[in-house]
Amino acid sequence: MTETLQLNSTFLHPTFFILTGFPGLGSAQTWLTLVFGPIYLLALLGNGALLAVVWIDSTLHQPMFLLLAMPAATDLGLATSIAPGLLAVLWFGPRSVPYAVCLVQMFFVHALTAMESGVLLAMAGDCAVAIGCPLHYPVLVTKAHVGYAALALALKAVAIVVPFPLLVAKFEHFQAKTIGHTYCAHMAVVELVVGNTRVNNLYGLALSLAISGMDILGITGSYGLIAHAVLQLPTREACAKAFGTCSSHICVILAFYIPGLFSYLTHRFGHHTVPKPVHILLSNIYLLLPPALNLLIYGSRTKQIKNQLLDTFTFRKSPL
């Protein structure tokens, strides 16, 4: 009898969900557009500029710069999959999202996040080869190998994330249509499901630990090899130059994983101590801040890209 009443009060295959943004903030969340609007604009222009200069300048069609184009393309897709809807919710209030569109957004957000983590691992491997085996670098790191790596990372991301929307789609009944979030995150949708969500919870936890954990271990191992190679260099200047080669990559790693760690810890262990708006804020910062920093990091620390950006996007007086 109780189960029948519960089913009668739920929704059967809702045609849409309603994203509310930051619960409890009401109209005050409009002011957050002043934060996330510029962040998205910077991500859009910055990553677009990086991709443009790599595409335009044939001297940048080298494995190193093609590797830099991979996170730029991934970040551009990741930011665009979240930010327009986020800004719409913040500015205009709660908005409806078709059920199918919600599942598609869920797939792209998690797949591109997994892709980003894999790209950082590939770039760590590139640094390790460049510093540890410089004579073999032209043979080991080629444009073809970069292309194969990009394809493998994309296929891996698709394969491991496809179960997310499929596991949600199998449920017929939902407690409500309102999602207290700014985008269709997997666990935010699962919380609305009527039924046993143990598989969804375990798969989400296992995937987070496996993907991030394995990539972090790989990155740590790569930098262990880098440190070993650098410490064997004869002069302090040579050591500083070698570490400088990977400094931009280290900055990107810190920008990606530190907000991600805070977001993960508040979600898993801070339900009763961390307010939900804070968790949602950290989640959005984790996904949108690293894409916004790409141009600042690579543009300032990679000489060839910096020079090409200046040549392409500034007017220089031509010599007489």
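Which residues of α9 are buried?

Residues are numbered from 1 along each chain as its sequence is written, and side-chain values use heavy atoms, with hydrogens and water left out.

Start with confidence. pLDDT is the predictor's confidence in each residue, from 0 to 100. The protein chain averages 82, and 90% of the residues score at least 70. Helix α6 (residues 143–161) has the highest mean pLDDT among the elements, 91, while helix α1 (residues 2–8) has the lowest, 43. Over residues 1–8 pLDDT stays under 50, and the model has three contacts there beyond four places in sequence. Contact means heavy atoms within 4.5 Å. Where pLDDT is low, the predicted coordinates should not be read in detail.

Now the overall picture. The protein chain has 13 helices and five strands. Helices (H or I, at least four residues) and strands (E, at least two) are DSSP runs, numbered from the N terminus. Of the 320 residues, 44% count as buried. Buried means under 20% relative accessible area, exposed means over 50%, and partly exposed is in between, using a 1.4 Å probe and protein chains only. Take contacts between residues at least 6 apart in sequence: 80% of them join residues at least 24 apart.

Back to α9. Its buried residues are Asn 200, Gly 204, Leu 207, Ile 211, Asp 215, Ile 219, Ser 222, Tyr 223, Ile 226, Ala 229 and Val 230. Look at the spacing in that list. An α-helix has 3.6 residues a turn, so residues three or four places apart point the same way.

Next, helix lengths. The expected span of a helix is 1.5 Å times one less than its number of residues.

Helix α2 (residues 33–56) has 24 residues, which should span 34 Å; its end C-alpha atoms are 33 Å apart, in agreement. Its buried residues include Phe 36, Tyr 40, Ala 43, Leu 50 and Val 53. Is Trp 55 buried or exposed? Exposed, at 72% relative accessibility. Its C-alpha lies 9.1 Å from that of Ala 69, 14 residues away along the chain.

Asp 311 is 258 residues from Val 53 in sequence, yet their C-alpha atoms are 9.6 Å apart. Asp 311 lies in helix α13 (residues 303–313). At 43% relative accessibility, Asp 311 counts as partly exposed.

Now Phe 164, in helix α7 (residues 163–169). Phe 164 is buried, with a relative accessible area of 5%. What is Phe 164 in contact with, leaving aside neighbours within four places in sequence? Met 106, His 110, His 186, Tyr 203, Gly 204 and Leu 207.

On to the open spaces. On a 1 Å grid over the protein atoms alone, a cavity is a set of points where a 1.4 Å probe fits but cannot get out; a pocket is an open set with protein on both sides within 12 Å along at least five of seven lines; lining residues have an atom within 4 Å of a point. Grid points are joined across faces, edges and corners, and a volume is the space filled by probe spheres set on the points.

The largest pocket has a volume of about 1000 Å³. Of its 41 lining residues, the closest to the centre are His 110, Ser 208, Ser 263, Tyr 264 and Tyr 286. α11 gives the largest share of the lining, nine residues. The lining divides into 21 nonpolar, 17 polar and three charged residues. Here Ala, Val, Leu, Ile, Met, Phe, Trp, Tyr, Cys and Pro count as nonpolar, Asp, Glu, Lys and Arg as charged, and the others, Gly among them, as polar.

Last, the search finds one cavity of 30 Å³ or more. Tyr 286 is one of its lining residues, along with Asp 75 and Glu 116. α12 gives the most to that lining, four residues. That's it from me.
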